[in-house]
Structures are given as C-alpha cells and as structure tokens.
Amino acid sequence: MTEAIDLSLFSMFMCALLLLIPIAATSYLKLGITRSLLISSVRMMVQLVLIGFFLEYLFLYNNIFLNISWFIIMLLAAVVSVLNNSGLKLKFFVKPIFGALFISNLLVVLYFNYFIARLDFVFDARYLIAIGGMILGNTLRSNIVGLGDFYKSVMRDEQLYYYKLSLGANTTEALLPFAKRSFKAAINPTIATMATMGIVSLPGMMTGQILGGSVPLVAIKYQIAIMVAILASTVLSISLSILFSVPSAMHANGTLRKELFK
Amino acid sequence: MQIKAHNITKQFTEKYILREFSFEINPGDKVNIAGPSGIGKTTLFKLLLGFEMPDSGHIEVNGKTLVGEQIWAVRQQVAYVSQDLNIGLGTVNQLFTETLSYKHNQHLKSSAQAHIALLLQQFELPLNTLDKNITELSGGEKQRVAIVNALLLQRKVFFLDEISSALDAALKENVLDYFLGNSEFTVLYISHDSYRPSNIAIKTLTLSNHD
C-alpha cells in the first residue's frame, strides 16, 4: 500500500472546473443561489488552505494547551453554527449549548482516545482534532435538528404545554414529551446512516484512510468505532443541550420566552 | 378558592382585551363568563393561571398576589379544561397515566383505576375508550376525555372553557349539571349554551368592548 497521491496544481484546477456544472445549473434555473454557491466555495477553499497550514504546525508542536484551545475554538464555531441554523438567538443559548457540546464531545473523544485508540497521550492533536472534529461535525447536525425542533414544537403546541402545566406538571414534566420527540428526530438520521453504511456510501473517513494506505479492514474498525462514538456523543449532546438551555429559555411562570427566536 | 381581580388591564398590540377590570369570586361560586367571541374570555383564564400577566392591576388568589410561587400553587389547585382539543398524543389511557405520573399528582394513583371507570360511565364513554388513540376520537369524545382527565385530579376549582360545545343536548346538560350541581366546586365557565340548571345560583361576569 502506498500513501495517497498528492494533488498537483493542475489537479486542483481541474477540480475547480467541476464547479462549472453547479454554477451553470443554478444560474440557468435562476435559483438565485449562484452567488451564495460561489461564496461558499471560495470560503471552503480559503478556510481549508488556512486550516491545512495551521494543522501542519499544530501536529508539529502537539502541545496540550494548543490542542485544547483549538478544540474549544472548533466548539465555539459549532455552537454558532447550531444556533444560526436552528433559528434561535445566540444571546440565550451560547452558554448552555457550549457547555453541552463541550462536555459530550470531550468526554467521548477522550474515551475514544484512551480506551479505543489506546493512546498514551490522549490530547494528541491528530486524534483530538481529527476525531474530535468528526464527532463534532456529526453531532452538529443532530443538535440543529433537535434543538430547533424542540423549541419550535413547544412554541407551536403552546396550548398543549400550558395544559400540562395546568394539570400540575412542573416544567420538566410538561416538557418531557416534547423533548422525547425532538430527541428522536435528532438521532434518527444517525441511526439510518448506520444501517446503510458501507452499502449506500463509503464513509469519508474510510475513504481517507484507504487512500492514505490503510488496509480496508483497519479502516473499517475505525469507522465502526467512530460511528458508535458519534451516536454516543449525539445522544449526550442533544440531551444536555435541551437540559442546559431550558432554564434560560423560560420565564419564572413557566412560559416560553418569545424573544428566543430570531 | 377566593379570587380577586383588581383593575386588571391586558392589551395585545393596540387592542384592549381587559381594561381596569375588577371582580371577586368566592369559594363555591358558579360563574358564567359571558361576552361576544374574541372579547378575551380565554385570556381571562390564562391570566388566572399565570400564563399571561396583566399589563397593570393585579390578581389575588386566597389573599396572595398571583406572582412567582403563587402561580404554581394555583395550577396545582385548579383543574382547567381548555377549549383547545389538542390534549396530547397516544391513547386515552396514556394521557391519564401521564397526568397521574406528575409528582404533584402521584398520590392519586392508587385510587385512580376505580375513579376512571366511574367517570367514563358518568360521561357516557365506553370503557374501551381507554385503548383508543386520542387522534381517533371525535370532538365530543375528546371534550369528555379532557373532562375526565381534569376530574381525576380531584380538585375543587374548575376553569372550563367551552367544554360542551361539541356535545349533544343531553350530554351538555349532564356535563353542566355535574359541575354546577356540586356545592363544593368553585366553577368558572365559558359557554355559549343557553342551558342553565334550575335551582342553582349562577353569577355572570360579562366582558364587553372597550374600543
């Protein structure tokens, strides 16, 4: 097995040419998203080039504080992304969602590094940042779905929520049915992905490892481990997100703050 | 339960729902809240349950102003049957089980089974209603299930919002007689029905336009 072939400038140019297809299609159909498509493409390239250089140094120094600081920055970006995409206001949610993602992701990635990857140095940049990033990226989607769905459903079925309060439920008891449903909606995609994994799609991480020279059986073991880690972290983070955010989302009389939504 | 409202005003975007409104309700009172549709009768219930706060004025329940802890205490003493028939998902039995699972209601669990059977019979619902899905029920069945759910709580104060609108005449009388005929109950009710049980003193609280 050989290492992945480096892509030359010519290759990258050819890759950019592929972009002509979506650009042509979106402008022909007048979808009005050509501009944002271009901006996103450029952003992706710039971000990835910068991160490429940055990671070279991060891996080179492999310093515990540096690694953790970067992990926290990734988390903050994740929090902002979750909130922007779930239509909730940053002001009320930054702290609880950061706390939820921090605890769930760090716990799972350290478990992964110590018990599964059997590292001596659990804060190793390659694992903390790469594995941590993968877990975070995947829990992100679930959190966007789960958290947004939860607050929107309480808002939509406000009468039902009030009804439960009037029956003598405390906030936790009245919110539990809503939380359960959103929790299910949040983790269902991960469960569905697991069921088709390997048949419908070869996961990106496996592809990477195989191109990088790993034999498929090694890549598969990592893939299984990472999927289970993602599921664990998803379940933890969505539960904690709801749990931590509820107190700041409610008035003292148990009603939902209307100003939570953008 | 004694309820006193002192000059409460509630406004929703320019429109006054209540303006300098005062009233007093004493234990055992049966009060019909009257007034045209959209005048704010349901809002009045929401104010009394602390789901909405008055813009000015205040409400006293048993001598204590309705804020903070007192709101939660009221919600544990009042059985509210909402006009909204979205009472949850799952079977009727699951609805009752959830109601009884709340910490505050757990002491009612042991006697609930017999109680449920009696109440279903009272409101002419067959016993197998328990296994039916709430979404399959007709409007009238849902109303009666919500009534049973409220009565399971064994409370003495009732806020009833249009609870008989989907029932036929005989059932309407059955329901209203049940609540209004019990001297221990304090009942505030909204109803557009003309039926009134005889021999029972019913006060009327009329909400009128302010614009």
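Helix α8 of chain A is the biggest contributor to the lining of the second largest pocket, giving six residues. That pocket has a volume of about 380 Å³, and the model it sits in is a predicted one. The largest pocket has a volume of about 1500 Å³, and there α6(A) gives the most to the lining, with 10 residues.

- Two or more lining residues come from each of α7 (158-166) and α8 (171-196) of chain A and from α3 (92-101) of chain B.
- Sorted by class, the lining of the second largest pocket holds seven nonpolar, three polar and six charged residues.

**The largest pocket**

- Five helices of chain A each supply at least two lining residues: α3, α4 (64-86), α6, α9 (204-211) and α10 (216-249).
- The lining of the largest pocket splits into 20 nonpolar, nine polar and three charged residues.

**Helices α6(A) and α8(A)**

- The axes of α6(A) and α8(A) come within 8 Å and cross at roughly 150°.
- Angles over 145 degrees count as roughly antiparallel, so α6(A) is roughly antiparallel to α8(A).
- The crossing of these two helices, α6(A) and α8(A), is right-handed.
- On the α6(A) side, the contact is made by A:S142, A:V145, A:G146, A:D149, A:F150, A:S153 and A:V154.
- On the α8(A) side, the partners are A:L175, A:F178, A:A179, A:S182, A:A185, A:A186 and A:T190.
- Eight nonpolar, five polar and one charged residues make up the contact of α6(A) with α8(A).

**Helices α3(A) and α6(A)**

- For α3 (residues 34-61) and α6 (residues 125-156) of chain A, the axes come within 9 Å and cross at roughly 140°.
- The pair α3(A) and α6(A) is therefore oblique.
- From α3(A), A:L55, A:L58 and A:F59 meet A:A125, A:R126 and A:I129 of α6(A).
- The contact of α3(A) with α6(A) has five nonpolar residues, no polar ones and one charged.

Notes: Residues are numbered from 1 along each chain as its sequence is written. Chains are lettered from A and ligands numbered from 1 in the order in which they are written. This is a predicted model: local features need pLDDT of at least 70, side-chain atom pairs count only at pLDDT 80 or more; totals for chains, interfaces and linings use all residues. Side-chain values use heavy atoms; hydrogens and water are left out. Axes are lines fitted to C-alpha atoms, for helices over the stretch in contact, and angles run from 0 to 180 degrees between N-to-C directions. Helices (H or I, at least four residues) and strands (E, at least two) are DSSP runs, numbered from the N terminus. Angles under 35 degrees count as roughly parallel, over 145 as roughly antiparallel, 65 to 115 as roughly perpendicular and the rest as oblique. Contact means heavy atoms within 4.5 Å. Ala, Val, Leu, Ile, Met, Phe, Trp, Tyr, Cys and Pro count as nonpolar, Asp, Glu, Lys and Arg as charged, and the others, Gly among them, as polar. On a 1 Å grid over the protein atoms alone, a cavity is a set of points where a 1.4 Å probe fits but cannot get out, and a pocket is an open set with protein on both sides within 12 Å along at least five of seven lines; lining residues have an atom within 4 Å of a point. Grid points are joined across faces, edges and corners, and a volume is the space filled by probe spheres set on the points. A crossing is left-handed if the near helix is turned anticlockwise from the far one by less than a right angle, and right-handed if clockwise.
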